Amino acid sequence: MSKSKLEYIWLDGYTPTANMRSKTKIEKDFSGKLEDCPMWSFDGSSTQQAEGGSSDCLLKPVAIYPDPARKDGYLVMAEVLNPDGTPHASNSRATIDDENDDFWFGFEQEYFIMDTDTQLPLGFPIGGYPGPQGLYYCSVGGKNTWGRELVERHADFCLEAGLNFEGINQEVAAGQWEFQIFAKGAKSAGDQIWVARYMLDRLTEEYGYYIEYHPKPIKGDWNGSGMHANFSNSVLRTAGKKETYEKICEAFRPVTKEHIEVYGEFNDQRLTGLHETQSINEFSYGVSDRGASIRIPIATVESGWKGWLEDRRPASNADPYKVAARIVKTVKSADV
């Protein structure tokens, strides 16, 4: 008789920024298949998802991946349901209207690696600052690069787990990194970002680090952290017309506020119009423009207006489910 460790991962009810929670279930002779993952429950009164007098919330498995850190282990992403089986109010995944997986998403997840002792990003000395930005982006060597061992292990874990992991790079500020995830299907993209975040957070326990997803943890002349959302659907992938792209981009303009509301807490500190961002109070789009709200990639234009768009506004702490749900809704509203 074999026994497997199933780590159920879910999002709690804290607002506006949810936290990941997880716990382990031991299963006998487990097949490794999603359909054989049992429903489970947890104490919602400890996660701001229920009252103490009626505290049970249900966990519905929605995606499963091998756990590279555990023998006979699996990572199980789960949605939170009410006791009657309906989606819990905190269940942002259930709000995504993409049942046929027509939408493809590529998320660029930026983050800072923080030292638990100093409470500063790696590379920042106590009581001071490292050299100014310029030499850290995609740097090589111990003078300008910190945290590579953790980042490389995380990349290996993501690949071993079977995520559609696209790459890594050090970012513009000291101690800042990025990884990229691509998936066909908005829900799958969200699942994979959350599981990748989970593995990254868990790895930091071995190093005396923690991951800071705040979009502007270091004030001043330092880049903030985003989670740029590259997206397409069959219309964008086959359009062939500049006018179609302009109509879809314009559909975002009247709902700018609705997008910003789900694009992450403290995002006003990052979207200032500086450091490769558009102001949070403005909306713009342009070809190859990293200072715009939405960038039209040059590759899309060179392919005859067939490709994708990049929404550069989501913050690093944004919920990818909420971001995807809002983008899908807006794109579908465009009159094309």
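This is a predicted model: local features need pLDDT of at least 70, side-chain atom pairs count only at pLDDT 80 or more; totals for chains, interfaces and linings use all residues.
Local features were required to have pLDDT of at least 70 and side-chain atom pairs pLDDT 80 or more, whereas totals for chains, interfaces and linings use all residues. Residues are numbered from 1 along each chain, and side-chain values use heavy atoms, with hydrogens and water left out.

The axes (lines fitted to C-alpha atoms over the stretch in contact, with angles from 0 to 180 degrees between N-to-C directions) of helix H2 (residues 186-204) and helix H7 (residues 320-333) come within 8 Å and cross at roughly 160°; helices here are DSSP runs, H or I, of at least four residues, and strands are E runs of at least two. H2 and H7 are therefore roughly antiparallel, a term applied to angles over 145 degrees. In the contact, defined by heavy atoms within 4.5 Å, residues of H2 including Ala-186, Trp-194 and Arg-197 meet Pro-320, Tyr-321, Ala-324 and Val-328 in H7.

Among the residues touched by Phe-105 are Ala-186 and Ala-189, together with Ala-324, Ile-327 and Val-328.

As to the backbone, the peptide bond from Thr-15 to Pro-16 is cis, with omega near 0°, and Pro-16 lies in the loop between strands E1 (3-11) and E2 (20-28). Phi of Asp-101, a residue other than glycine, is positive, near 55°, and Ser-288 likewise has a positive phi of about 60°.

Note on methods. Angles under 35 degrees count as roughly parallel, over 145 as roughly antiparallel, 65 to 115 as roughly perpendicular and the rest as oblique. Lists of a residue's contacts leave out its neighbours within four places in sequence.
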